[in-house]
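Subject: Structure handover

Hello,

Here is the structure I promised to pass on. Please open it before you read my notes.

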Amino acid sequence: MTSIGIIGSGFGALAVAVELKRAGHTDIRLWERADDMGGVWRDNTYPGAGCDVPSPLYSFSYEPNPRWTRRYALQEEIHDYIRRVADKHGISPLVQYNREVTAATWDEGSSTWTVTFGDKSTQTVDVLISAVGQLSRPKLPSIPGIETFKGASFHSAEWDHDFDASGKRIAVVGSGASAVQFIPRLAAEASRLTVFQRSPNYLMPKPDKPYTAFHKTLFKVAPVTQTVERGTIWTFMEQFSKGLKDDSKVGVLGKNIALRHLKKQVKDPTLLAKLTPDYPIGCKRILFSNEFYPALAQANVDVVTSAVTAVTPEGVIDAEGNEHKVDAIVYATGFDSQDFLESIDITGVGGQKLATQWADGARAYLGMYVPNFPNMFVTYGPNTNLGGGSIIYMLEAQARHMRQALDRLKAGRFTTVEVTEEADDAYDRELQAKLDVSVWSHCENWYRHPSGRITSNWPGATHPFAKRTKVLEPDAFSWA
Ligand code: NAP
C-alpha cells in the first residue's frame, strides 16, 4: 500500500485528499502546522475578509453548497465549508495538527521520503505532496525603524482582534486585494485613516448579493439551478481570463469598465488622479469592490502616494519627509509568494536541494512535478495561479492528474515516478513563451521572481489546464 503524506490542510490539500480517498487510497495523512484546518481561509480573518471569486465557482464541483448566504461568501463561511467537506469525506480524522514540516529527504535505497517536523520528530512516507499554497507566508516590508513603533502594528493576515479601531489614527501600508476589503471597515471606525498606496489598482464593480430564502430552497430542490449559475460564472470568467495578454479587446473592455467605476465613485480630481493606474489592466490582480472608492473619498481618509521611508515610535515618515503620527499601523503588504517551498529544506536524488534547483525561480511540469524529486507532487505549485477564475477548479484538475500517477504506482508495477528533464524543459519553454506576451510582464507584481521569470501564473483560462491535465502522459515520466 502506498503511504501518502500531504503538507497542509487548506483547499489544495483537501482537493487531493478527497480525490485519493475516493480512488481507494487509505494510507493518507495531512500535516498541519496550526491547530485548525483551512489554510489561508483560517489565517485571513481581517474585517471584511472574503473571496472575490463567486462562491458557486469558488467551491468543489462535486460539493455545491446550497447554503451560501451570498454570492461572494465571507471568510467564516468559506472556512466552515472547508471543514464540512473535510468531515463529509472522512478527511478530518487524517489531519495531524501542530506538525510543521521543516525538512523532507528522499531516500534512494528505500524509495521513501523522510519528513522532519519542528519538534525534530520524523515520519516516512512513499509519496510526499506539498499543498502549502503560494500565499501562506505574510510579508512585512523592510522599512527602517519598523520595530520601533510603539502602537499596535500587525500584518493583515495576522489581524489583531484585540485592537479596537474606533477613534484611532491608523496607517495602512498597501492597497491590494486584502486592503480593499478591510479599508471600508476601518474607515467607518477610525478617526483618521491614512492609506499609503504604492500603486493604484484597477477595480471593478462587485456583483455581490445575498441569497434569499427563495434562492436557497431553489438550489436545494433543483440543484441544476446552482449548476447553471456555476457554469455561467465559469464561462464569463474564462472569457475574461483570455484577455490577459497583450493587445486584447477583453482588456480594453475591462479597462473601460474599471475606469468608469472609478469616475462614478470618485469626484475629487486629485483623488481621481491618485487612483488611476498607469499600467496595462490585469498586470496586477484586478480587484472588485463597491465600497473601497467611497471609503477613500471620506473626509477622515487620506491617500498618500509617496513611499513610506521610515517608521518611528510615533508613526510613519513618507518620502517627502512628512511625519504621519498614528496609533496603529496595518501592513497589507502581501505574501512571500516566490517562496514556494523554500521554507522547507527539501533534498532529492543525489542530495539535490530543491531551493538550489529553484534558485532562478520555481518551475514544475504542469506545476506539479519536479525532476530529481521522485514521488513528490506539488498542488498550487509554480505557474498554476490565476489572473482570473477559480483556483479550486485548478486544484481539482491537479488532484485528478496526481491520482492517475498514483494509480499507476498502486497497480504495483512501479514504486517511483519522476518527471523527465526533457518533458520539464519542453513544458517550461512552452509556458514561458506564452508568459512573455502576457500582461504580467509589463509591471511590478508578485507573480515574478527577481530573476524576471513569471513563476506564479498559468497563462490564460482554466479549461486549457484542465484539458492538458485530464489524461496522464506516462512518457513524460520515468517509472521505476
Ligand atoms: P497584494 O495584493 O500583493 O497587495 C500588497 C500591497 O502592498 C500592494 O498595494 C503593494 O504595492 C503594497 N506594498 C508591498 N510592499 C510595500 C512597501 N514596501 N511599501 C509600500 N507598499 C507596499 O497583497 P494582498 O492584498 O495580501 O493579496 C495578495 C494576494 O492574495 C492577492 O493577489 C490574491 O491572489 C490573494 N487574495 C485574494 C483575495 C480574494 O478575495 N480572493 C483577497 C485577498 C487576497 P504594489 O502594488 O506597488 O506592489
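Below are my notes on the sheets, the ligand and a few single residues.

This is a predicted model: local features need pLDDT of at least 70, side-chain atom pairs count only at pLDDT 80 or more, and totals for chains, interfaces and linings use all residues. Residues are numbered from 1 along each chain as its sequence is written, and side-chain values use heavy atoms, with hydrogens and water left out.

Sheets

Helices (H or I, at least four residues) and strands (E, at least two) are DSSP runs, numbered from the N terminus. Two strands pair if DSSP finds at least two bridges between them.

I170 stands opposite A328 in strand 17.

Another open sheet has four strands and mixed pairing, in the order 6-5-4-18. Its edges are strand 6 (122–125) and strand 18. Again each edge strand has a single partner, so one of its sides is left without a neighbour in the sheet. The twist averages 15 degrees from one strand to the next. Strand 5 (residues 112–117) and strand 6 run antiparallel and are joined by four bridges. V115 has Q123 in strand 6 as its bridge partner.

There is also a hairpin. Strand 14 and strand 15 form it, with three residues between them. Strand 14 (residues 308–311) and strand 15 (residues 315–318) run antiparallel, joined by three bridges. V308 has D318 in strand 15 as its bridge partner.

Ligand

Which residues come nearest to the ligand? They are D52, S178, R198, S199 and W446, out of 22 residues around the ligand. A residue is near a molecule or strand if one of its heavy atoms lies within 4 Å of it.

By class, this shell has nine nonpolar, nine polar and four charged residues. Ala, Val, Leu, Ile, Met, Phe, Trp, Tyr, Cys and Pro count as nonpolar; Asp, Glu, Lys and Arg count as charged; the others, Gly among them, count as polar. Helix 4 (residues 177–189) gives the most to the shell, with three residues.

Now the polar contacts (pairs of N or O atoms within 3.5 Å; within protein, one must be able to donate a hydrogen and the other to accept it, and residues adjacent in sequence count only if both atoms are side-chain atoms). A polar side-chain atom of S199 lies 2.3 Å from a ligand oxygen. For an N or O atom in the side chain of W446, the distance to an oxygen atom of the ligand is 2.9 Å. A polar backbone atom of G176 is 3.5 Å from an oxygen atom of the ligand. On its own the ligand has 910 Å² of accessible area, and the protein covers 83% of that. Accessible areas come from the Shrake-Rupley method with a 1.4 Å probe; for residues, only the protein chains shown count as cover.

Single residues

Buried means under 20% relative accessible area, exposed over 50%, and partly exposed in between (1.4 Å probe, protein chains only).

Look at the loop between strand 19 (376–378) and helix 11 (391–410), where Y380 is found. Y380 has a positive phi, near 50 degrees, and is not a glycine. Y380 counts as buried because its relative accessible area is 14%. N383 lies in the loop between strand 19 and helix 11 too. N383 is buried, at 2% relative accessibility. Its side chain reaches the backbone oxygen of N457 at 2.9 Å. A polar atom of the N383 side chain also lies 3.0 Å from the backbone oxygen of I454.

F340 is in the loop between strand 17 (328–331) and strand 18 (345–347). Its phi is positive, near 45 degrees, in a residue other than glycine. F340 is buried, at 8% relative accessibility.

Last, V85 in helix 3 (residues 75–88). V85 is buried, with a relative accessible area of 3%. V85 and F11 are 74 residues apart in sequence, and their C-alpha atoms are 10.0 Å apart in space.

Best wishes

Terms used: Axes are lines fitted to C-alpha atoms, for helices over the stretch in contact, and angles run from 0 to 180 degrees between N-to-C directions.
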